[in-house]
Structures are given as structure tokens and as C-alpha cells.
Amino acid sequence: MSERVIAHGSDFMVFERSGTEGSYTYKPIAGQRNVSLNREANYRESNAKNLGGYKDFFLGLKGWNASVEMEIPDYDDTNANELSYEDLEGYETAGTKATWLFCWITAMASTSATPAPDTTKPMWIGKGLVNCPLSAPTGDNATTSIAIQGCLELERVDPT
Amino acid sequence: MLGKAITSIINADSAITSIIGSNLYPVGDYDKGTPAIYYIVKALPHYNNNGQSMTDWQVEILTQTKDYSSSWPLSLKVKETFDKQRGKTVGDIKFTAVKCLSITDEYEFAINGFGQKLVFEIKTSTIKSTS
């Protein structure tokens with residue numbers, strides 16, 4: 001059996017990218033737990049008579065979406081290095097198409113460091129709208145499952 | 001650390017200090033006599049993808065008195081004063097949630113004391129490991 005290094009789920013995160021090329025700023029969504037990045041595939045069916053009775057398909061419209069589980073920081077927590085629930089709520093209300101970066105992260109420099117994208121590995125970038133309902137169960141942390149509706153292309157950036 | 005906040009909370013309640021005086025101690029050999037209160041702080045480190053935080057705790061408070069009948073009133077005073085901390089800031093630590101999980105009778109042979117062990121689940125603002 002071959003020995004493989006398996007990627008860990010906690011090393012894959014979502015950041016908001018802002019600024020201009022050469023001076024981008026990356027802010028992780030705060031309190032991230034689980035991230036799912038989904039690609040939507042639509043196929044158009046071909047029913048030509050010369051296919052021997054079999055179906056054939058062609059790629060139709062493409063799309064993508066993502067969901068991010070987030071523990072909601074307390075309103076008194078004012079860490080500006082991460083994207084707070086209030087920031088996301090503002091994007092939802094305004095219909096802002098923020099630029100989202102889905103990527104692997106570098107090793108943390110310290111326990112209080114803000115996560116940073118690992119720019120040596122493949123990453124995915126796209127604009128998307130957000131929806132962030134709030135869940136506040138008794139006896140547990142307040143959370144949200146942020147839905148990111150991708151708009152246009154999810155671009156793959158591969159530094160290798 | 002959280003122990004300082006725990007002592008501040010208990011020492012600020014005159015209904016408790018009028019009974020135990022200054023006999024409030026972190027866990028030891030339970031050899032300080034009665035009446036007294038001992039406490040144990042258990043940190044439950046919390047992790048998400050953004051990193052770690054010291055926000056989840058389990059605190060055990062052991063009350064000790066000379067007789068059983070006076071132990072429960074002291075323990076219920078302790079419960080009441082902790083229940084009142086939810087949302088409050090003690091020192092620089094905000095108590096976002098406080099829940100008493102159990103109150104159990106205890107008897108300590110070493111000091112011939114009756115009392116109860118109160119177990120609290122506490123959530124706070126992040127406490128830096130260096131503080």
C-alpha cells in the first residue's frame with residue numbers, strides 16, 4: 001500500500017479577497033468549521049438516431065455554490081482581521097457580490113495568528129452573493145450556515 | 001486566568017463571605033477546615049478552522065461546612081451568584097454563558113466536613129494562554 005499524505009478538512013478555508021492585483025487583502029470568515037464547495041453541472045441530452053440507441057450528453061450551463069458553517073463571534077468581539085457575521089449580513093442586505101477565495105492555508109505562526117492562504121497550492125476564486133441565517137440553540141454556540149451563491153466563473157488558480 | 005474571576009465572583013458576594021470568611025482555595029488537600037469553599041478549574045480548549053480559543057470551561061466548586069443542614073444553603077448561594085454572572089464581565093473576562101450542571105452531596109473525611117460539589121459549564125470571551 002502506498003503511503004500518502006492526506007489533506008485535512010480544517011486546512012481548507014474561505015477568505016474574502018479585496019484590494020487590487022499586487023496588493024490583495026485576504027480576510028477569513030470568522031469561526032469557520034465546515035466548508036463545502038459545490039460545482040453545478042448541467043448536461044444537455046442528445047437524441048440523435050445514429051447513436052445506436054444510447055444517450056449522449058453535452059455540457060450545459062455551469063455554476064457553483066458553497067456553504068460555510070460559522071460560529072458567530074460575540075458582538076463585543078472586534079477583531080477586524082476576520083470577516084464577522086455583521087459584515088456578511090451587510091453583504092446579504094446590500095446584495096454585494098464579494099470575491100471569495102477557497103484555498104488551503106499555511107501553518108499558523110502562533111495560536112493568535114490570523115489564518116493565511118497558502119499561495120503555493122491551487123485555489124479557487126469567484127464572486128458570489130451570500131445568505132446567512134442565524135441559529136441560536138439553547139445551551140450551545142450561536143452558528144450560521146452561510147450559503148454563497150456563485151456568480152459567473154469559479155476560476156482555478158494553479159501556481160504550479 | 002479564570003481562577004481569578006472565580007475568586008472575584010465569590011468574594012464579591014457578602015452572603016457567601018459572611019459564612020466562609022476568607023476560606024476560599026483552589027483545589028488542594030481539603031485541609032483548610034470548615035466552613036470553606038474549594039474550586040477546580042478545567043479548561044476545555046475549543047477549536048475551529050480559524051484556530052484555537054480558550055472559551056469553554058468546567059468549574060467545580062466544593063462547599064464544606066460542619067453540618068449537612070448548613071451546607072445546602074451555602075451551595076445554593078454559590079449557585080445563585082454564578083447564575084447571575086451570565087453576560088457580565090469580571091476583570092477582563094466576559095461570561096457569555098453559565099450553567100449549573102449538577103449539585104452533588106459530598107463528605108470529606110479529612111476535615112469531617114459536609115458539603116456539595118457544584119459543577120458549572122461556563123463559556124467566556126477568549127482568554128489568552130499567556131495571561
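A compact globule of 160 residues would have a radius of gyration near 15 Å, whereas chain A comes out at 19 Å. Keep in mind that this is a predicted model. Along its principal axes, the C-alpha trace of chain A spans about 65 × 40 × 40 Å. Of the 160 residues in chain A, 24% are buried.

Now the secondary structure. Chain A has 1 helix and 7 strands. In sequence order the pattern is β-β-β-β-α-β-β-β.

How are the strands of chain A arranged? The 7 strands form an open sheet, and the order across it is 2-1-5-6-7-4-3, with antiparallel pairing. Strand 2, residues 25–28, and strand 3 of chain A stand at the edges; each has a single partner strand, so one side of each is left without a neighbour in the sheet. From one strand to the next, the twist averages 35°. As a reminder for those new to this, strands of a sheet pair through backbone hydrogen bonds, and the pairing is either parallel or antiparallel.

Let me go through some of the pairs, with a residue or two for each. Strand 3, which covers residues 32–46 of chain A, runs antiparallel to strand 4 of chain A, and 12 bridges join them. On strand 4 you can find A:Lys62, the bridge partner of A:Ala41. Strand 4 of chain A also pairs with strand 7 of chain A, again in the antiparallel sense, over 7 bridges. There, A:Ala66 has A:Ile148 in strand 7 as its bridge partner. A:Glu69 stands opposite A:Ser145, which is also in strand 7 of chain A.

Further along the sheet, strand 1 and strand 5 of chain A pair in the antiparallel sense over 6 bridges. A:Val14 has A:Phe102 of strand 5 as its bridge partner. Strand 5 is then joined to strand 6 of chain A by 5 bridges, also antiparallel. The bridge partner of A:Leu101 is A:Ile125, in strand 6.

Where does the helix go? Helix 1 of chain A lies across strand 5, strand 6 and strand 7, and runs at about 75° to strand 6.

Next, the inside. The largest nonpolar core has 26 residues, and the ones that touch the most other members are A:Val14, A:Ile29, A:Val68, A:Leu88, A:Phe102 and A:Ile146. Strand 4 gives the most, with 4 residues.

Take A:Leu88 as an example. Leaving out residues up to four places away in sequence, A:Leu88 touches A:Leu83, A:Val130, A:Cys132 and A:Ile146. There is also a second, separate core of 23 residues, and among its members are B:Leu2, B:Ala36, B:Ile61 and B:Phe95.

For chain A as a whole, take the contacts with a separation of 6 or more: 63% of them are between residues 24 or more positions apart.

Last, the contact between the chains. How many residues does each chain put in? Chain A gives 15 residues and chain B gives 10 residues. On the chain A side, these are 5 nonpolar, 5 polar and 5 charged residues.

Methods: Residues are numbered from 1 along each chain as its sequence is written. Chains are lettered from A and ligands numbered from 1 in the order in which they are written. This is a predicted model: local features need pLDDT of at least 70, side-chain atom pairs count only at pLDDT 80 or more; totals for chains, interfaces and linings use all residues. Two residues are in contact if their C-beta atoms, placed from the backbone, lie within 7 Å. Ala, Val, Leu, Ile, Met, Phe, Trp, Tyr, Cys and Pro count as nonpolar, Asp, Glu, Lys and Arg as charged, and the others, Gly among them, as polar. A nonpolar core is a set of buried Ala, Val, Leu, Ile, Met, Phe, Trp, Tyr and Cys residues joined through C-beta atoms within 7 Å. A residue is buried if 20 or more other C-beta atoms lie within 10 Å of its own, exposed if 12 or fewer, and partly exposed in between; C-beta atoms are placed from the backbone. Helices (H or I, at least four residues) and strands (E, at least two) are DSSP runs, numbered from the N terminus. Two strands pair if DSSP finds at least two bridges between them. The radius of gyration is taken over C-alpha atoms; the globule rule is 2.2 Å times the number of residues to the power 0.38. Axes are lines fitted to C-alpha atoms, for helices over the stretch in contact, and angles run from 0 to 180 degrees between N-to-C directions.
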